[in-house]
Amino acid sequence: MFSFNFNPMQTFQSQYRCYSASMFPGADRKDVERGGKIIMPPSALEQLTRLNIMYPMVFKVANPINSRYTHCGVLEFIADEGKVYLPYWMMRYLFLGEGDILEIRSAMLPVATFSRFQPQSVDFLDITNPKAVLENCLRGFACLTAGDIIAIEYNDKVYELCVLETKPGPAVTIIECDMNVSLLFHSTAILYDKAQFEL
């Protein structure tokens with residue numbers, strides 16, 4: 001008789017009260033606002049470690065009321081127990097208010113090869129080198145999800161961009177990857193050379 005040791009991939013799943021980064025006690029956490037990563041409590045790290053969740057750690061975060069979701073990375077595990085802190089753009093996109101319930105589940109995403117963005121304001125055209133600005137700002141993100149309206153900051157101004165498309169899937173990780181980036185201004189697409197993201 002044969003015996004097989006089968007260890008199915010374990011999943012982290014929990015619910016927290018969510019707050020915008022501006023509500024974080026103590027130090028001003030502008031680093032949270034400048035990307036797509038969240039702050040979670042220490043108990044989450046303990047549980048993730050026990051489950052042997054693979055690195056890089058990425059998560060699907062969802063509003064249980066409307067099932068709207070996106071994906072994110074984690075910046076630190078220093079939040080008060082039962083709380084997580086999100087960038088404001090993420091709370092806005094998920095239609096979450098301060099103290100609302102957020103569902104978090106570990107995810108495995110393919111590595112990005114391509115992404116297309118559409119600036120939501122013509123002001124983005126005024127930037128001298130939008131390619132360099134976008135590439136630099138994306139270093140604060142761990143993953144991208146098609147349909148998201150993300151926010152990046154440059155020269156003390158916030159610009160919103162819609163993630164129109166990601167390949168090879170509708171959600172991708174951009175950690176340590178070579179990714180072609182396309183910017184769509186109305187009907188004109190500007191395709192940039194492959195950019196390296198080593199976060």
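A residue is called buried when its relative accessible area is under 20%, exposed when the value is over 50%, and partly exposed in between. With that in hand, let us look around this predicted model.

Glu160 has 28% relative accessibility, so this residue counts as partly exposed. The side chain of Glu160 forms a salt bridge with that of Arg92. This pair connects distant parts of the chain, since Arg92 belongs to helix α3 (residues 88-93) and Glu160 to strand β10 (residues 157-167), 68 residues apart. Arg92 is partly exposed because its relative accessibility is 47%.

Strand β10 also holds Lys157, whose partner Asp123 sits in the loop between β7 (114-119) and α4 (130-138), so their pairing ties together parts 34 residues apart in sequence. Lys157, at 36% relative accessibility, counts as partly exposed, and so does Asp123 at 28%.

The model has five salt bridges in total. Among them are these:

| Salt bridge | Closest N to O distance |
|---|---|
| Glu165 and Lys167 | 3.8 Å |

Glu165 and Lys167 are also part of a salt-bridge network that includes Arg116. Glu165 is partly exposed at 26% relative accessibility, and Lys167 is partly exposed at 40%.

Now for a residue in another setting. Thr70 lies in strand β4 (residues 69-76) and counts as buried because its relative accessibility is 0%. Its side chain makes a polar contact of 2.4 Å with the side chain of Asp148. Leaving aside residues up to four places away in sequence, Thr70 touches several others, including Phe59, Val61, Met90 and Tyr93.

Conventions
Residues numbered from 1 in each chain as written. Predicted model: local features only at pLDDT ≥ 70, side-chain atom pairs only at ≥ 80, totals over all residues. Heavy atoms only, no water. Helix = DSSP H or I, 4+ residues; strand = E, 2+ residues; numbered from the N terminus. Buried < 20%, exposed > 50% of the residue type's maximum accessible area, 1.4 Å probe, protein only. Polar contact = N/O pair within 3.5 Å; in protein donor to acceptor, adjacent residues only side chain to side chain. Contact = heavy atoms within 4.5 Å. Salt bridge = Lys/Arg side-chain N within 4 Å of Asp/Glu carboxyl O.
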